[in-house]
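Here are my notes for a colleague who has not seen this model before. Please read them beside the sequence and the structure.

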Amino acid sequence: MSRASNHPGTNPLRYRSYWGGFLLGIAMMAAIDEIVFHQILAWHHFYDDATPRIALLSDGLLHAAELFVFVFGFFLMLDARRRRSFWAAASWAAFVTGLGLFQLWDGVIDHKVLRLHQVRYGVDLLPYDFAWNAAGALLLATGIIWTATLARRAQSAQIAQTS
Amino acid sequence: MGAELILAVPALAAAIVYLSATVLEGRRGRPWPWHRTVCWIAGTMCAAAGFFGPLASAAHDSFVAHMAAHLLVGMVAPLLLVLAAPVTLALRALSVDPARRLSRLLRSPIAHVFTHPVVAAVLNVGGIWALYLTPLYDLMQRDMLVHWLVMLHFVIAGYLYTAALIGIDPAPHRPGFVLRAAVLVVSLAGHGVLAKLLYADPLPGVPPAEAHAGAELMFYGGDAVEFVIIVLLCAEWYRVTGRQLRSVASAVGRQPTRTRLRSPRTRPSTKGASA
């Protein structure tokens, strides 16, 4: 087919393995949230009486999309490997970006804007919210910087090769 | 209970007809895969469990048992029945004329409408919303006939829905992956949101503790079945994409995909990239 599909070039964002890793990062953080905070610690609640009805809808869509993304991420990775365009470092950078993006989304949109549920009940929320969102922001920043570094290094490697 | 055994007749008939067809196919030297037969038998058993037997009678008193029956009849049974590929078996086992009639029926406009993912999802998820948010649930718990009709709707709508998304049987005009994925996500959300609403506002006459247990069962049980459907849908995407890759490779007239595509060594990665 076109060159582009077989030779994604130096931009990590054009790699299937990048987006596979990104989807898996989102799904992994969603799974950690569900397993650790909902089920094991039981800090979060299945349903919070303060939840507005419309938030239930957006949460339902997000949860369904997470489940889908979790599976599709794996298949994208397999597809990248089959096309011989698997770039492991790009996948990891995207994975960290996905982790951070979900954590920050959960902390800001789900907990604060939509008020689906809180990090923990019966405690002063401020330190919990701070730790939650700071962790998310840190992961997201790491992922983005990592991605940018990979792109720059790949570019300079290519220039070195062609010159 | 004795009279209810008459409800076993359709399930038994379905199992016997399917088994006869597989035996017929075996005798003709075209053995039918045994795992599909297992799916069919298990599927008819799951569907039957919603109509009679211990679970069906418990479902009248307990919301949790009702929810278990809903999952079994409306989600697990349809998935198993779809995986049994009954239409493929019928097309193979039937003689030419009836097989032709069946395939004409499958290509008819009416079949096209009911097997469209959006229509099937509305019938399926819309059906359960209607059940719990109208007096239908109350009526179903009091009137046996309504109960059976609701269960029958669950099986049929669940089958159409599952077949529209991941059908193995031939389906002319099956829409593409993106539409089916979107329908799957939206309908899964519709199921989950309804579960949370039932948690928040228990149905009249259902004690809160029971409503909570039933709603959580609906939410997580639904997730489990939909997870399997997602995997099967994505696996189909993977197979189809692979076929396209190979046909592109052969159309170009070069080596097969594996060797033609760039090797990882030519990738613009740097030293740390393969870590």
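1. Helices (H or I, at least four residues) and strands (E, at least two) are DSSP runs, numbered from the N terminus.

2. This is a predicted model, in which local features need pLDDT of at least 70, side-chain atom pairs count only at pLDDT 80 or more, and totals for chains, interfaces and linings use all residues. Residues are numbered from 1 along each chain as its sequence is written, while chains are lettered from A and ligands numbered from 1 in the order in which they are written.

3. H8(B) bends by about 25° at Gly126(B). The bend at a residue is the angle between axes fitted to the seven residues ending there and the seven starting there.

4. The buried residues in H8(B) are Pro117(B), Ala120(B), Ala121(B), Asn124(B), Val125(B) and Ile128(B). A residue is buried if 20 or more other C-beta atoms lie within 10 Å of its own, exposed if 12 or fewer, and partly exposed in between, with C-beta atoms placed from the backbone. An α-helix has 3.6 residues a turn, so residues three or four places apart point the same way. The cover over the buried residues of H8(B) includes helices H7 (109–114), H10 (144–166) and H11 (177–200) of chain B.

5. Chain B as a whole has 13 helices and zero strands. Of its 275 residues, 35% count as buried. Its C-alpha atoms fill a box of roughly 70 × 55 × 35 Å along the principal axes. Among contacts in chain B with a separation of 6 or more, 72% join residues 24 or more positions apart; two residues are in contact if their C-beta atoms, placed from the backbone, lie within 7 Å.

6. Next, confidence. The mean pLDDT of chain B (the predictor's confidence in each residue, from 0 to 100) is 86, and 91% of its residues reach 70 or more. Over residues 256–275 of chain B, pLDDT stays under 50. For the complex, the predictor gives an ipTM of 0.79 and a pTM of 0.82.

7. In chain A, Leu78(A) lies in helix H3 (residues 53–82). Leu78(A) counts as partly exposed because it has 19 C-beta neighbours inside 10 Å. The C-alpha atoms of Leu78(A) and Gly20(A) are separated by 8.8 Å, and the two residues are 58 residues apart along the chain.
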